[in-house]
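Let us walk through this protein one region at a time. Keep the structure in view as you read.

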Amino acid sequence: MNRFKHRLVNLQLTVFMVAGLNLMSACTSTAVADTWPPAPLMEIAPDLEAGTLPSSISVEMIEPGRWRCTFRVRPSHPPDTLTLAGTMNGWNKAATPLSGPDEDRWWTCTLELPVGRYLYKFVANDNHWFPDPRNPDKEPDGHSGHNSVLRLGHLAHLERSGASRGDGTIEGRAIEHDPQRPRYYQPLPDRYIQVRVQTLAHDVEQAWLCIHYGDCVPMTPVVENELFTLWEGIVQIPELYANMSSSSGRKPEYMFLFEDGDVRRCYPVSYGVPVTTEAVFSTPDWAKHAIWYQIFPDRFRNGDPSNDPEHVIPWTMDWFSSAPHEGADGQTFYKHFVFWRHYGGDIAGIEQQLPYLKDLGVNAIYLNPVFEAWSNHKYDATDYLHIDDQFGKKGDYEAIAATEDLLDPSTWKWTESDKIFLRFLKRAHELGFKVIIDGVFNHVGQPHPAFQDVKQNKQNSRYADWFNVTSWEPFEFTGWGGFDALPEFKKTVDGLYSESLKQHIFNVTRRWMDPDGDGDPSDGIDGWRLDVPNEIPAPFWAEWRKVVKEVNPDAYITGEIWDRADHWLDGKHFDAVMNYEFAKGACKWVFNKNQKIKPSELDQAFRELRLAYPREATLVLQNLMNSHDTDRVASMAHNPDRAYDHANRIQDNGPEFDNTKPTDEEYARARLTTLLQMTYVGAPMIYYGDEVGMWGADDPTCRKPMLWKDLEPYEKPEQNHVMDAHRAYYQRAIKLRTEHPALRTGSFQTLLTDDAQDVWCFLRADADEQLLVVLNASNEERVVSITLPSDGPRSWQGVFNQEGWLAPDEDKLQLTVPAIDGVVLHAKASE
């Protein structure tokens with residue numbers, strides 16, 4: 001075994017290097033034996049002052065470092081209901097209702113909070129989010145708005161650390177460790193645990209992770225900024241604990257020991273460690289190797305014209321033209337006939353194009369909703385039990401649905417459309433594809449039989465507790481996003497209000513995951529993408545996850561979460577999320593001009609995400625650039641310097657959005673983000689048509705019909721045609737990821753962030769290979785000098801945009817990188 005291979009497999013810690021850190025500190029340890037705690041406990045000055053507060057918040061100290069906080073707000077428009085949502089309650093808009101209004105129109109709520117920094121907003125009428133109007137402390141929310149900021153305690157008000165290493169003083173109030181958060185604690189296989197702790201920046205010379213009756217290992221600083229240092233260590237739980245019976249109640253304990261100058265002190269808290277295999281969070285192995293392709297079914301391919309709805313739009317018609325029937329009633333393009341269009345895409349069309357997807361190189365398909373619904377997007381389900389007959393066999397739904405009882409799965413049958421979908425699943429599986437579908441369990445469409453029954457029978461309906469009815473006479477209810485067409489399910493702080501609704505959704509879940517109910521899920525879908533899951537309180541999803549994993553432990557669950565998803569990726573809820581945080585960072589670096597970030601800033605942002613999430617989740621995140629809910633990736637490049645997914649709907653919030661076809665340079669920038677997707681940590685996802693050059697603003701224009709070579713010429717062929725070279729680049733980048741496992745499951749290490757040249761270089765590695773990825777976001781060819789690990793390979797072969805072999809001069813490798821593109825080199829470990 002050579003030195004490179006030995007370095008990676010030592011202690012079997014290869015899989016824990018995703019943060020790009022040197023975790024070999026776990027290899028050197030000092031025995032603690034029976035000495036516990038391993039050093040005197042530090043004395044921590046109590047936090048007696050909350051600090052400066054906005055006029056909207058008053059506090060009363062309960063004990064040092066903990067306050068009873070009262071929030072007061074007077075909305076400009078009187079709401080019916082008002083709640084508080086923020087980091088203090090997981091952004092659960094149902095968790096903290098405000099009381100009011102009083103005679104002066106004030107609303108109030110009180111909750112207990114410890115020292116810390118909190119982001120929050122108020123939510124009026126369940127759908128209108130707004131910051132605290134009397135709190136000037138705010139920060140961007142990522143959606144062109146702002147979150148309000150509450151700071152409690154001395155440290156929460158600091159802007160930078162004033163500490164000095166070696167002065168023998170340790171600020172105990174700055175030490176933070178929360179074993180409930182993956183950022184700070186992750187159980188690993190073979191009784192290892194990965195633990196992190198935060199200290200004040202420049203305050204501590206060395207941190208140690210100590211386990212009772214085990215080892216005390218030095219921790220490594222993995223992140224340091226102006227305020228804090230984050231330390232990391234990996235230690236193995238002693239075998240003696242593993243041999244104890246669970247009934248003994250004895251758990252291993254760990255503590256933190258800090259050294260600074262001649263001071264050596266333990267933080268005065270001991271943490272218990274559960275010793276169970278169930279505590280280890282794992283995600284499906286196949287999802288770590290997935291290359292996703294998202295399909296909006298109505299717009300992908302019309303494979304069976306016999307199921308077309310009335311007035312189907314000609315596939316090759318120019319998007320902004322009008323069909324003969326459109327506008328006859330006075331409607332205009334954006335108001336509103338474009339939103340009612342159907343193009344005839346169906347399951348047959350998707351199945352017919354599986355060879356196309358195979359040739360492209362993708363191996364996992366995410367389908368937007370396929371259940372029976374009136375609209376073209378199907379987010380307004382009429383029924384979760386059946387595939388839409390416009391996607392299968394026209395007219396086969398109503399007769400069977402009339403014989404079924406939503407509350408009795410024994411009455412549920414299979415339509416011909418359902419069978420067409422199941423045959424598609426079988427064929428997709430035969431070709432090596434995994435398939436997940438959209439689960440829209442927050443709301444339905446008005447035609448849903450349960451909602452129709454509630455409208456007719458009011459309180460006497462069997463489904464009266466399913467929906468958020470606000471008035472029976474006159475009949476009024478809450479629609480998702482304020483849309484009456486989308487009746488929303490009623491919630492509690494723990495999830496869905498109705499037990500029968502919950503069981504209905506559980507049974508629907510089982511139906512599509514194991515259609516024949518024989519215990520073998522191979523005939524069903526491979527997982528779910530959850531629509532607006534943050535609208536349903538997390539306890540429901542924890543229970544739903546158990547249902548999913550009981551049917552198929554290898555099923556994949558991903559959620560539509562637009563921001564950081566720390567509390568969703570804790571092993572109790574989702575396996576992954578649609579990683580919009582990846583897209584936001586990539587856009588800022590590759591597309592922006594006036595608001596462009598540096599490669600070092602992108603590297604730091606991505607490192608923060610890798611630290612925040614469990615590695616098992618990081619490897620299966622859906623790293624997308626765009627989707628059916630955003631403008632197209634090429635149009636993002638064409639419209640730089642905007643907040644992600646903002647000012648991109650021409651019909652309302654984006655009248656200045658340039659919806660002309662992107663330039664050659666902008667397509668090159670879109671390709672660079674594709675190369676980043678294919679080489680970074682996590683599972684890349686392509687939105688249908690991006691690979692052939694489709695472009696356009698946000699909904700509806702991001703949902704044009706797919707461009708197909710055999711259907712050319714399209715109207716306005718100069719704008720609407722398959723861009724062969726663009727697609728070929730996608731194929732090459734996908735092939736690169738497919739051929740090199742280290743790009744899918746290997747470690748990540750930053751080697752260079754050259755801000756002056758706009759170049760970012762990182763290393764992906766596993767026990768068998770290394771790949772050196774160098775990305776150049778500038779408009780000029782760049783020559784860079786990269787410092788390689790001293791014990792790494794001495795010879796590198798070009799595998800993307802580079803031919804031949806290169807050898808470093810000592811530990812320096814000089815490389816020329818083309819403008820708005822990248823180079824990838826490969827080295828294979830030898831025996």
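Start with strand E10, which spans residues 146–152. Five of its seven residues are buried, so the rest of the structure largely encloses this strand. Keep in mind that the model is predicted.

Which strands pair with E10? One is strand E7, residues 116–124. E7 and E10 run antiparallel and are joined by five bridges. To find this pairing, look for Arg 117, which stands opposite Arg 151 in E10.

Strand E9, residues 138–140, also pairs with E10. This pair is antiparallel too, with three bridges. Here Glu 139 stands opposite Asn 147 in E10. E9 and E10 form a hairpin, with five residues between the strands. In this hairpin, Gly 142 has a positive phi near 85°.

Now turn to the cysteines. How many disulfides does the structure hold? There is one. It links Cys 210 and Cys 216, whose sulfur atoms lie 2.0 Å apart. Both Cys 210 and Cys 216 are buried. Cys 109, by contrast, is in no disulfide. Its nearest cysteine sulfur belongs to Cys 69 and is 9.6 Å away. A disulfide needs the two sulfur atoms within 2.5 Å. Is Cys 109 buried or exposed? Its relative accessible area is 6%, so Cys 109 is buried, because buried means under 20%. Cys 761 has 0% relative accessibility, so Cys 761 counts as buried as well.

A search of the whole structure finds four cavities of 30 Å³ or more. The largest cavity holds about 150 Å³ of space. It is lined by 14 residues. The closest to its centre are Trp 319, Lys 704, Pro 705, Leu 707 and Asn 720. What classes make up this lining? It has nine nonpolar, three polar and two charged residues.

Finally, visit the second largest pocket. Its volume is about 640 Å³. There are 28 residues in its lining. Nearest its centre lie Thr 81, Asn 125, Asp 126, Asn 468 and Thr 478. By class, the lining of this pocket has eleven polar, nine nonpolar and eight charged residues.

Definitions and conventions: Residues numbered from 1 in each chain as written. Predicted model: local features only at pLDDT ≥ 70, side-chain atom pairs only at ≥ 80, totals over all residues. Heavy atoms only, no water. 1 Å grid on protein atoms, 1.4 Å probe; cavity = no way out; pocket = protein on both sides within 12 Å on 5 of 7 lines; lining within 4 Å. Points joined across faces, edges and corners; volume = space filled by probe spheres on them. Nonpolar A, V, L, I, M, F, W, Y, C, P; charged D, E, K, R; others polar. Buried < 20%, exposed > 50% of the residue type's maximum accessible area, 1.4 Å probe, protein only. Helix = DSSP H or I, 4+ residues; strand = E, 2+ residues; numbered from the N terminus. Pairing = 2+ DSSP bridges.
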